[in-house]
Amino acid sequence: MAEYNGEVIVEESNGNWRSVLGLKLSSHCFPQEYVQLYLEGRVRAISNVSVATLTPCHLELLLMMEV
């Protein structure tokens, strides 16, 4: 599957949240079987990313974004 990349170009934040504006994202952090689902608009709700089954790269990305 092809590599997909993106960049956060707009954000709105209330409070003391870390800015992700300009953050560059790569699909290499996501398992390949999920890339197409995300491209089709799939949404996944995770109540606690620290105990979820995620790749280390995906977890690091979410924690950096204070998810």
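1. The lining of the largest pocket comprises 12 nonpolar, five polar and one charged residues. Here Ala, Val, Leu, Ile, Met, Phe, Trp, Tyr, Cys and Pro count as nonpolar, Asp, Glu, Lys and Arg as charged, and the others, Gly among them, as polar.

2. This is a predicted model, in which local features need pLDDT of at least 70 and side-chain atom pairs count only at pLDDT 80 or more, while totals for chains, interfaces and linings use all residues. Residues are numbered from 1 along each chain as its sequence is written, and side-chain values use heavy atoms, with hydrogens and water left out.

3. Confidence is expressed as pLDDT (the predictor's confidence in each residue, from 0 to 100). The protein chain has a mean pLDDT of 83, with 94% of its residues at 70 or more. Helix α1 (residues 32–39) has the lowest confidence, a mean of 79, and α2 the highest, 86. Helices (H or I, at least four residues) and strands (E, at least two) are DSSP runs, numbered from the N terminus.

4. Glutamate 60 belongs to helix α2. Its relative accessibility is 58%, so glutamate 60 counts as exposed (buried means under 20% relative accessible area, exposed over 50%, partly exposed in between, with a 1.4 Å probe and protein chains only). The C-alpha atoms of glutamate 60 and cysteine 29 are separated by 9.2 Å, the two residues being 31 apart along the chain.

5. Glutamate 66 lies in the segment after α2 (56–64). Although glutamate 66 is not a glycine, it has a positive phi of about 60°. With a relative accessible area of 32%, glutamate 66 is partly exposed.
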